[in-house]
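Reader: I would like the labels in this model set against their cut-offs. Please take them one at a time.

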Amino acid sequence: MKNSDSNSSLDSRINQTLKNVQGLLKGRSIPGKVLLTRRADPPEDPSLRSPTFGRSFSEIDAGTSDLMDMSKEEEAQDTSKQQNNNTSANKLKPMSSNVEITSKEVQKSVMGARATDSARVMKFTKELSGSTVILEKLRELAWSGVPPYMRPNTWRLLLGYAPPNSDRREGILRRKRLEYFDCVAQFYDIPDTERSDDEINMLRQISVDCPRTVPDVTFFQQEQVQKSLERILYTWAIRHPASGYVQGINDLATPFLVVFLSEHLEGDILKWSISDLSPDKISNVEADCYWCLSKLLDGMQDHYTFAQPGIQRLVFKLKELVNRIDEPVSRHMEEQGLEFLQFAFRWFNCLLIREIPFHLVTRLWDTYLAEGDALPDFLVYIFASFLLTWSEELQKLDFQELVMFLQHLPTENWTHQELEMVLSRAFMWHRTDSKVPSLLTFKYMVLQISHNDLSILSTENLQKKSTTSLFT
Amino acid sequence: MGHRVDHEYDYLFKIVLIGDSGVGKSNILSMFTRNEFCLESKSTIGVEFATRTLQVDGKTVKAQIWDTAGQERYRAITSAYYRGAVGALLVYDITKRQTFDNVQRWLRELRDHADSNIVIMMAGNKSDLKHLRAVQEEDGHALAEKEGLSFLETSALEGTNIEKAFQTILTEIYHIISKKALAAQEAAATSTVPGQGTTINVADASGNTSKGCCST
């Protein structure tokens, strides 16, 4: 539980976050926008896309689990040089193949990550290899991103699927997997004549949705992958009759599939073929996905029951939070008659999977899973931070433009930087909210960040200055 | 809804797209508003939204279309969007009998949550998949006639009848609205005739006059 965090672990986490933000602000010009800055947006010119665009899921993932160190690296370069790099990388594109560029990029970032990230990797290794994993420490580390090859183990532990005690781990996982196979045999592998009408309808709905799950990533178009997904979703639905299958839960299973398959399939997800795996391995991956999905959804059961009260409650909280942080945007949206439910419903229902490029999803989920039981409440902060990425744009749009914009947010070129920014801001707002009861401090913080005055972001300064700002 | 009435259009009509999951509602919408068909479309979560402005009987009409999720679980969320809708496109899939059988349930949804005068067009979508047809066109016609709906078979993939389906709904709405406006004008005209017992108008007028006196 997050609440039981000691002050020191919170402080170390905020330090990590601050380092992330500092790296972001110093090292580069931010393609997105810092909240409430008055700086004009960089033009949406496709030729200015960062060279990382187009990198495959696994490649980009391989080198960017720790943004902080990458940023440090780039701090050394001056900005103009960086821009030159960008341009030359883009100029290269039409001439050389995309693959060449991406492999160079990957080499560089992997090397960078390995060279400078070793301290973090060592911490992870230490935590994971102990005879009893101390989950609090693992959470703290995982919050800022998990090295890709450690993700499967880390996620299983964070979700409470694998036990912290390493002696018991293998045995418990084996038993759980068998339990899943039994469920599949009992519920899924039966003729339709043994199903109720509702169950037939549910299975039909699932089979309609499986082929259109992450359809933009070809890996998910493989029939065997879709069948696995179908078994996971149907089994989960049968065993959770209060909600049953709800569209969007299919999306939530995909990060687990990708992460647990990454233990067995190497390289680029675009080239993964599930038929390279033995049926045993596929079954185990499937079982792990099932249990992890179950664990995740246990924490938000009323998100998917009738009328989805859990989501409605969080949407309301989001509206309230946004109003406290950024009153002008909030007022504008209100004046335009825009309701938060009209766009944020999907955010909560699919946990933002639909809103960001798929290759960033696993990084986002590191933070989700590190939050554990506190996740639903923390989602509100993440989503507020996400929404206010476009604070300025939103204020220029009328009702219809707002709805359209929010349904198709311009995140297709996002890299880890923008995501880290969203998470860091969410973290700081949440921290302020729980530490300083007066919420006026929000605006103060927001303004400070926008002025790039990061010196105030030490916790003591923050408290001192924010109290004075209350009276100005 | 809080949309402003600007001067780019004469009328703004809110339309809802309903029907079972996977019948092609979102593609009908993207075809109509953006001329795009996406084979790899994702399921709609909650509601989505798009608009298109077009000419109806020489008037500029903006269609504000709300595309709803087909799954039953979302009814509680989506039915809120029926409020204020003047038209509905109820879609089924001609290759899936079940989606046609469910049309009655969707009509009930509309009766329960939408305005009683809502204009409904039924569309049998995916007409390009002739070899997979499970619902005959005559069945569609028969049901439409029985329920008093307009009816067309459509193909979002080929763009067949998509334009026509919306054009028909919007024209019908426009005719109803202009008839109502005409009736209201006539009513207003007759009410000024003395002896009709227009006491309310008189009272209003006198009230205004007295205020006017005080302020000047």
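Reader: At roughly what angle do the axes of H12(A) and helix H13 of chain A cross, and within what distance do they come?

Author: The axes of H12(A) and helix H13 (residues 279-298) of chain A cross at roughly 135° and come within 9 Å. Axes are lines fitted to C-alpha atoms, for helices over the stretch in contact, and angles run from 0 to 180 degrees between N-to-C directions. Helices are DSSP runs (H or I, at least four residues), numbered from the N terminus. The model is predicted, local features need pLDDT of at least 70, side-chain atom pairs count only at pLDDT 80 or more, and totals for chains, interfaces and linings use all residues. Residues are numbered from 1 along each chain as its sequence is written, chains are lettered from A in the order in which they are written, and side-chain values use heavy atoms, with hydrogens and water left out.

Reader: Why is H12(A) called oblique to H13(A)?

Author: Angles under 35 degrees count as roughly parallel, over 145 as roughly antiparallel, 65 to 115 as roughly perpendicular and the rest as oblique. The angle here is roughly 135°, and H12(A) is therefore oblique to H13(A).

Reader: Which residues make the contact of H12(A) with H13(A), and how do they divide by class?

Author: Contact means heavy atoms within 4.5 Å. Among the residues that make it are A:Phe256 and A:Phe260 of H12(A), and A:Asp288, A:Cys289 and A:Cys292 of H13(A). They divide into 13 nonpolar, no polar and 1 charged. Ala, Val, Leu, Ile, Met, Phe, Trp, Tyr, Cys and Pro count as nonpolar, Asp, Glu, Lys and Arg as charged, and the others, Gly among them, as polar.

Reader: What makes H11(A) and H12(A) oblique to each other?

Author: Helix H11 (residues 223-239) and helix H12 (residues 249-261) of chain A pack at about 120°, with their axes 10 Å apart. H11(A) and H12(A) are therefore oblique to each other. The contact includes A:Trp236 of H11(A) and A:Asn250 of H12(A), and by class has 7 nonpolar, 1 polar and no charged residues.

Reader: Why is H6(A) called roughly antiparallel to H7(A)?

Author: The axes of helix H6 (residues 118-129) and helix H7 (residues 135-143) of chain A cross at roughly 150° and come within 10 Å. That makes H6(A) roughly antiparallel to H7(A). The contact includes A:Arg120, A:Lys123 and A:Glu127 of H6(A) and A:Lys137 of H7(A). Its residues divide into 5 nonpolar, no polar and 4 charged.

Reader: How many cavities of 30 Å³ or more are found, and how much space lies in the largest cavity?

Author: A search of the whole structure finds 4 cavities of 30 Å³ or more, and about 80 Å³ of space lies in the largest cavity. On a 1 Å grid over the protein atoms alone, a cavity is a set of points where a 1.4 Å probe fits but cannot get out, and lining residues have an atom within 4 Å of a point. The volume is the space filled by probe spheres set on the points.

Reader: What lines the largest cavity?

Author: The lining includes A:Phe343, A:Arg346, B:Gly46 and B:Tyr81. H16(A) gives the largest share, 5 residues. By class, the lining has 8 nonpolar, 3 polar and 1 charged residues.

How values were computed: Helices (H or I, at least four residues) and strands (E, at least two) are DSSP runs, numbered from the N terminus. On a 1 Å grid over the protein atoms alone, a cavity is a set of points where a 1.4 Å probe fits but cannot get out, and a pocket is an open set with protein on both sides within 12 Å along at least five of seven lines; lining residues have an atom within 4 Å of a point.
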